[in-house]
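Have a look at this one before we talk it through. I've jotted down some notes on what holds different parts of the chain to each other.

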Amino acid sequence: MKLAGLALGLLCGAAQAASVAIPYGNGKLKAEFQAANRYGAPAVIILHGCGGLLNKEGDIGLRYERIASQLQELDFAVLIPQAKAKLSCQPQQLARQKAAMNARANELAAAISWLKKRPQIDAKRIAVVAWDQGATATLALLNRKSPGIRSAALFYPACKPLLGREYRVAAPTLLLAGEHDNLTPSAHCSELAQASGQSLFHVVTYPGVRHDFDLNPEQASREALNLPRNHLALDVLADPEAASDAWRRTFKWLSRWFDPERSIEGVPPRNLPVPH
C-alpha cells in the first residue's frame with residue numbers, strides 16, 4: 001500500500017481509496033482516505049508513530065496497513081495522514097517532546113476538521129487509533145475543549161509531557177502499553193489516568209512487555225521503523241500474545257463507542273464503570 005495512488009482498497013467491493021491533501025496552516029497534509037460503502041459511516045484516523053508512515057519501499061507500514069484493511073472490512077471509513085512535524089525515536093528533552101506533541105496534535109485536529117466536512121461521514125463518530133508519538137499527540141488533543149473525537153485506542157504513548165497539569169480526556173480512551181517499555185514508560189500513563197479520575201481513561205499494561213510489542217519480526221521489512229540505536233532486536237520486542245490481546249481490545253473499544261445506543265455524549269465523568 002503506497003501513500004500515492006489508489007492503493008488502499010484491499011478488499012473486494014471496497015470503495016476505492018484516494019490520496020488527499022488536508023489544509024493545514026499555509027500548506028497541506030498528505031493523507032490516504034478510504035470511504036465506507038455507505039453514508040453516515042463512522043470514521044477512524046490512523047496516526048503513525050515516530051518511525052513514520054512509510055517503510056523503506058515507500059509502502060504504508062504493515063501495522064497501519066493491517067488495521068486499515070480490517071477497519072474497511074467492518075465498513076468504517078479510514079483516514080491515514082502523514083505527519084509534517086519532525087519525527088524522532090531518539091530520547092529527547094522534555095521541551096522538544098512537548099513541541100513535537102503539540103505540533104502533531106494540531107495536525108490531528110486538522111485531519112478531524114477535514115473528515116467532518118465529508119458528507120459520507122458521521123461527524124459525531126470519529127475515532128483515533130495511534131502509536132507512540134501519534135498516540136501522545138492524541139492524548140494532547142483529547143485534553144483540549146471539543147476535540148471532535150468519539151473514542152481513542154492508543155499504543156504506548158509518552159505520557160510524561162502531560163503530567164503536572166490538569167488533565168482529563170474528552171472521550172473514552174483505551175491505552176495499551178508494556179510494563180518493560182524503556183522508551184515510553186507505562187508508569188507515567190498509569191499516573192496520568194489516575195490523576196484524571198476518569199474510569200473511561202482505561203490503561204491496560206502487559207507485564208514483561210516492551211515498546212513496539214505489536215511488531216511482526218518475520219515481516220520487519222514491511223514495517224515503518226526508525227528505531228534508536230540502542231533499541232532491542234525486533235524478535236525480543238515482539239510479543240504476539242500481548243499484541244493479539246491489544247488488537248482484540250482495540251476493536252471492542254471502537255465498536256462500543258461507535259454504537260449510538262451505548263455511547264455517551266460529552267466529556268466522560270469521573271468513576272464510570274469500564275466496559276469489559
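Below are numbered points on the disulfide and the salt bridges.

1. Keep in mind that this is a predicted model. Everything below comes from computed positions, so to speak, of a model that is predicted.

2. Let's begin with the cysteines. A disulfide is a covalent bond between the sulfur atoms of two cysteines. The count here is one disulfide, and it joins C159 to C189, with 2.1 Å from S to S. Where do C159 and C189 lie? C159 is in the loop between strand 6 (151–155) and strand 7 (173–178), while C189 belongs to helix 4 (residues 186–196), so the bond ties together parts that are 30 residues apart in sequence.

3. Two more details on that pair. The torsion about the S-S bond of C159 and C189 is about 90 degrees, so this disulfide is right-handed. Are the two cysteines buried or exposed? Both C159 and C189 are buried.

4. Now for the charged residues. Side chains of opposite charge can pair when their charged atoms come close. How many salt bridges are there? The count is six salt bridges, and the next points pick out some of them.

5. Take D75 and R38: they form a salt bridge whose closest N and O atoms are 3.0 Å apart. This pair links distant parts of the chain, 37 residues apart. D75 sits in the loop between helix 1 (62–73) and strand 4 (77–81), and R38 in the loop between strand 2 (27–34) and strand 3 (41–47). D75 has a relative accessible area of 18%, and buried means under 20%, so D75 counts as buried. R38, at 36% relative accessibility, is partly exposed.

6. D214 and R63 make another salt bridge, with the closest N and O atoms 3.3 Å apart. These two are 151 residues apart, so to find them you'll want D214 in the loop between strand 8 (201–206) and helix 5 (234–237), and R63 in helix 1. Both D214 and R63 are buried.

7. R248 has 45% relative accessibility and is partly exposed.

How values were computed. Residues numbered from 1 in each chain as written. Predicted model: local features only at pLDDT ≥ 70, side-chain atom pairs only at ≥ 80, totals over all residues. Heavy atoms only, no water. Disulfide = S-S within 2.5 Å. Helix = DSSP H or I, 4+ residues; strand = E, 2+ residues; numbered from the N terminus. Buried < 20%, exposed > 50% of the residue type's maximum accessible area, 1.4 Å probe, protein only. Salt bridge = Lys/Arg side-chain N within 4 Å of Asp/Glu carboxyl O.
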